[in-house]
Amino acid sequence: MLINRLRTAEMSLSTLFAGNRKIAIAVDLSDESAYAVRWAVANYLRPDDNVVLLHVQGTRVLYGADWGSIDLAININDEEPEQKLQYDFDALTSNKTANLAKPLMDAQIPYRIHIVKDHDMKERICLEGERLRVNAVIMGSRGFGESKKASKGRLGSVSDYCVHHCSCPVVVVRYPEEEKESNASTLK
């Protein structure tokens, strides 16, 4: 009986470490997200992992299962130009997300891009992680949390929310200060 339990536990552990993990990398098209993808390829991902680049595109529209969509904008005069802007932004988002996937392509790690729209990005990341049944979420941190002024070591508000509310482990990748400084100097 004890031997059977040990074999079952051993088999469970071997399947856990054998691969076929599903890993979401939450991206928001920032430098911090691009760094998180590079970091994941170099330090976390295995060749047989399945990666989902998860992008939540912000919207003014509330989506709900029971009520359809509710537009928060009350006064829209020109609907056609707004639709064109939305189409252009969607195309930009798709192109930028595809560019973020370059380290995954170079490492020959299978991935897919998953873009959803929601007004609450942090909650949607957790919900999509649960819906997609990912084993972990990897995300960058911009450090824009409420308490940034109090301590430089704090997480951003989105990453902090995900750490506390996602149903799977969340790996927060801190953007190195030296990259921030080099990016700032190239913009000048």
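Mentor: Start with confidence. In this predicted model, helix H1 (residues 2-17) has the lowest confidence in the chain, with a mean of 47, and strand E1 (residues 22-27) has the highest, at 97. The score is pLDDT, the predictor's confidence in each residue, from 0 to 100. Helices (H or I, at least four residues) and strands (E, at least two) are DSSP runs, numbered from the N terminus. Over the chain, pLDDT averages 78, and 66% of the residues reach at least 70. Two stretches stay under 50. One is residues 4-16, with 1 contact beyond four places in sequence. The other is residues 146-152, with 3 such contacts. A contact means heavy atoms within 4.5 Å.

Two notes on method. Residues are numbered from 1 along each chain as its sequence is written, and side-chain values use heavy atoms, with hydrogens and water left out. Since this is a predicted model, local features need pLDDT of at least 70 and side-chain atom pairs count only at pLDDT 80 or more, while totals for chains, interfaces and linings use all residues.

The chain has 7 helices and 7 strands. Along the sequence they run α-β-α-β-β-β-α-α-β-α-β-α-β-α. Of its 188 residues, 32% are buried. Buried means under 20% relative accessible area, exposed over 50%, and partly exposed in between (1.4 Å probe, protein chains only). Take contacts between residues at least 6 apart in sequence: 72% of them join residues at least 24 apart.

Our part is helix H2, residues 31-43. Its 13 residues reach 18 Å from first C-alpha to last, close to the 18 Å expected at 1.5 Å a residue. That expected span is 1.5 Å times one less than the number of residues. The buried residues of H2 are Glu32, Ser33, Ala34, Tyr35, Ala36, Val37 and Ala40.

Stop at alanine 40, which lies in H2. This residue counts as buried because its relative accessibility is 0%. Leaving aside neighbours within four places, alanine 40 touches Ile25, Leu45 and Ile138. Alanine 40 and isoleucine 138 are 98 residues apart in sequence, but their C-alphas are 7.4 Å apart in space.

Next, look at the strands. E1 runs parallel to E2, and 6 bridges join them. Two strands pair if DSSP finds at least two bridges between them. Alanine 24 stands opposite valine 52 in E2.

The buried residues of H5 (residues 121-131) are Arg124, Ile125, Cys126, Glu128 and Gly129. They pack against E1, E2, strand E5 (111-118), strand E6 (136-141) and helix H6 (157-165). Just after H5, arginine 133 takes a positive phi of about 55°.

Last, Cys126 brings up the cysteines. The whole structure holds 0 disulfides. A disulfide here is a pair of cysteine sulfur atoms within 2.5 Å. Cysteine 162 counts as buried because its relative accessibility is 0%. Cysteine 168 is in no disulfide either: the nearest cysteine sulfur, in cysteine 166, is 5.3 Å away. Cysteine 168 is also buried, at 11% relative accessibility.
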